[in-house]
Amino acid sequence: MPVPYTKLVIEHFKHPHNVGEIKNADVKVTEGSPACGDMLTLYLKVDPETHVIEDIKFQSFGCASNIATGSILTDIVKGKKIEEAAKITWKDAVKALGGLPTVKIHCSVLAADALHSAVEIYMEKTGLVKEKKPTTKEIVMSKLSHVVDPLTGIDVVRSGLIKTIHIKDGIVTVILDLPKEHQFAKNIEEEILERLEHLWDVTAVKVIFEG
Amino acid sequence: MRVYLDNAASTKMDKRVIDAMIPFFLEKYAVPSSQFTHTYGLEVKDAVDEARASFVERIGGKHPEEIIFTSGGTEANNLAVKGVAYANMDKGKHLITTQVEHNSVLNSFRRLEEEGFEVSYLPVNENGIVDMDVLTRCIKKETALISVQYGNHETGTVQDIREIAKLSKEKGILFHTDAAIAWPYLPIDAYNWGIDLITLSPHKFYGPKGIGILFVKKGTKIKKVLDGGFNEFNLRPGTENTPAIIGAKKAAEIFSKEDVDRILLLKKRLIRGIETTIKHVEYNGSKEHSLPHIANLTFKYIEGEAISLRLDFEGIAVITGSACYSKNLQASYILLAMGKNHEQAHGSIRFSLSKYNTEEEIDYTIQKTGEVVSDLRKLSPLGREDEE
Ligand SMILES: Cc1ncc(COP(=O)(O)O)c(C=O)c1O
């Protein structure tokens with residue numbers, strides 16, 4: 001019995017498509033963390049007129065399934081309109097790969113999550129979302145539940161790292177129960193900015209470390 | 001090229017071992033315990049007794065009946081831990097082990113915990129070594145057993161079992177060591193070192209699978225854990241696996257110090273080669289107190305399953321401590337117990353060598369590992385900052 005992956009999975013794993021960074025990306029978003037064993041960063045470049053995804057690239061700290069899914073998923077959505085991309089799920093990716101071992105499905109879910117986050121951020125940024133709800137603490141919390149502490153692999157909401165959130169005159173202040181010297185303070189701050197800065201009624205995001 | 005570097009899982013049998021076993025399938029197949037019946041049985045019993053005597057001598061025991069043959073290291077560990085715990089409840093129901101034991105030891109203790117025993121799982125330092133002071137502080141009046149592995153199967157880290165045995169003796173506590181992966185790569189001397197129980201596993205040293213050995217020092221209070229007949233001095237029922245017993249003896253007999261020295265040189269060549277050609281590599285475990293045939297390295301910024309699969313494409317067999325690789329999707333509990341973070345555990349690779357490996361294979365492995373790591377790092381979103 002050879003390795004439990006389809007030929008296509010192995011092909012994409014060995015020679016992944018659309019790998020790397022996009023320097024002037026419209027959206028950059030990270031899902032997962034190395035602590036969970038899987039992490040994927042996605043970059044989108046979208047045509048502002050047609051909302052067609054002109055370019056998409058990914059980077060992965062992940063296993064074979066994660067890399068292969070990143071590769072095929074970016075192939076699938078490249079050239080699609082952003083609204084169509086929103087409808088692509090991990091199931092589409094797994095199907096396109098000819099299947100994945102059951103225990104490896106979560107790796108492809110992560111890649112699809114990254115895509116959906118990227119699409120959501122783009123739509124919020126460009127005002128494509130239909131109803132513009134004011135940003136509340138609940139919305140901020142739900143966005144931050146995608147930001148993972150690389151040390152523990154648990155998101156900052158669930159691990160109780162968020163002390164307080166203030167929202168006033170478009171300024172969101174997030175106070176974290178973490179010392180400024182924390183090994184990953186900078187990463188966490190960056191990811192929080194990625195998740196909040198673009199919201200339509202947010203003019204600035206401040207991350208304060210109070211650990 | 002095909003390079004097998006998963007010898008801590010199991011080794012290729014030596015042809016001489018197989019040759020020694022064959023007569024016990026085809027001619028001497030009688031049951032050894034039928035000593036009052038026929039010559040067939042007596043012949044086999046003689047051979048098994050010789051095997052017992054041979055092991056007693058090699059590990060510093062005194063009496064042939066101190067060697068109990070089991071179905072493997074796993075069963076030997078079960079018998080040692082549970083058998084001693086059940087037999088010594090009058091002394092107390094407190095037991096001590098470490099957080100980095102093999103699952104066959106750990107889960108035996110967990111079972112005992114469910115049954116009302118109290119177990120202390122000793123922490124280890126960043127090199128995987130147990131602190132003697134912590135051990136001393138854990139000892140209670142009711143402590144009936146201390147079980148600490150000789151060498152670790154994942155990192156190769158070696159514990160100071162002589163010191164631990166000494167302390168156990170001073171405190172009047174029975175001491176078991178799981179030497180399944182360590183012996184005969186490292187020597188052991190049961191009586192002189194003061195060890196009461198020792199687990200051995202012949203398939204780790206070019207012997208057959210399905211055979212294990214538990215040394216039980218004469219006079220040690222222990223109860224059988226499998227019910228059946230009176231075999232193995234009424235400690236391990238079941239028909240003896242005589243071909244495997246004979247194979248185990250042969251494997252121990254032909255195991256050579258020269259091979260160990262050569263393996264150690266190969267391991268050093270591998271580590272040096274990797275550390276000088278690949279950046280951002282961390283050595284997991286103690287370089288000083290280490291088994292000669294195991295090295296565990298973390299390649300930062302990338303994930304272990306991806307590394308091991310890519311190495312497999314190149315014909316190289318290794319394993320990783322990454323969650324993505326394991327059946328239960330948990331990262332290596334051993335590396336985590338050493339204070340490594342999940343990221344370090346996920347990027348870890350175990351290389352374990354045998355006497356069959358060659359310099360050529362090692363050099364090929366160094367080269368391919370470099371290529372694979374560099375390829376995967378190109379994909380990784382991590383580690384751009386500290387790259388020169
Ligand atoms: C340290 C250690 N203990 C126990 C065992 C179990 O031995 P066996 O495979 O003979 O059951 C192993 C091997 O898997 C081991 O490495």
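A search of the whole structure turns up 38 salt bridges over all chains, a salt bridge being a side-chain nitrogen of Lys or Arg within 4 Å of a carboxyl oxygen of Asp or Glu. This is a predicted model, where local features need pLDDT of at least 70, side-chain atom pairs count only at pLDDT 80 or more, and totals for chains, interfaces and linings use all residues. Residues are numbered from 1 along each chain as its sequence is written, chains are lettered from A and ligands numbered from 1 in the order in which they are written, and side-chain values use heavy atoms, with hydrogens and water left out.

**A salt bridge in chain A**

- Lys163(A) and Glu210(A) pair up through their side chains, 3.4 Å from N to O.
- Lys163(A) sits in strand β4 (residues 162-168) of chain A and Glu210(A) in the segment after β6 (204-209), so this pair ties together parts 47 residues apart in sequence. Helices (H or I, at least four residues) and strands (E, at least two) are DSSP runs, numbered from the N terminus.
- Lys163(A) is partly exposed at 43% relative accessible area, and Glu210(A) is partly exposed too, at 39%. Here buried means under 20% relative accessible area, exposed means over 50%, and partly exposed is in between (1.4 Å probe, protein chains only).

**Salt bridges in chain B**

- Arg269(B) bridges to Glu359(B), with the closest N and O atoms 3.6 Å apart.
- That pair links distant parts of the chain: Arg269(B) is in helix α11 (residues 257-277) of chain B and Glu359(B) in helix α15 (residues 359-379) of chain B, 90 residues apart.
- Arg269(B) is partly exposed at 28%, as is Glu359(B) at 46%.
- Asp375(B) and Arg310(B) make another salt bridge, with 2.7 Å between the closest N and O atoms.
- Asp375(B) belongs to helix α15 of chain B and Arg310(B) to helix α12 (residues 304-313) of chain B, so parts 65 residues apart in sequence get tied together.
- Asp375(B) is partly exposed at 31% relative accessibility, whereas Arg310(B) is buried at 10%.
- Through shared partners, salt bridges also join Lys45(B), Asp49(B), Arg52(B) and Glu232(B) into one network.

**Around the ligand**

- There are 13 residues around the ligand, and Gly73(B), Thr74(B), Asp178(B), Ser201(B) and Lys204(B) come nearest; a residue is near if one of its heavy atoms lies within 4 Å.
- On the oxygen side, the ligand has one oxygen atom 3.3 Å from a polar side-chain atom of His102(B).
- Asp178(B) has a side-chain N or O atom 2.6 Å from a nitrogen atom of the ligand.
- Ser201(B) has a polar side-chain atom 2.8 Å from an oxygen atom of the ligand.
- The protein covers 86% of the 390 Å² of accessible area that the ligand has on its own (Shrake-Rupley method, 1.4 Å probe).
- Helix α4 (residues 73-87) of chain B gives the most to the shell around the ligand, with three residues.
- By class, that shell has two nonpolar, nine polar and two charged residues; Asp, Glu, Lys and Arg count as charged, Ala, Val, Leu, Ile, Met, Phe, Trp, Tyr, Cys and Pro as nonpolar, and the others, Gly among them, as polar.

**Helix α2 of chain A**

- Helix α2 (residues 64-77) of chain A has 14 residues and reaches 20 Å from its first C-alpha to its last, close to the 20 Å expected at 1.5 Å a residue (1.5 Å times one less than the number of residues).
- α2(A) is mostly covered, with 12 of its 14 residues buried, including Ile67(A), Ile72(A), Leu73(A) and Val77(A).

Note on methods. A polar contact is a pair of N or O atoms within 3.5 Å; within protein, one must be able to donate a hydrogen and the other to accept it, and residues adjacent in sequence count only if both atoms are side-chain atoms.
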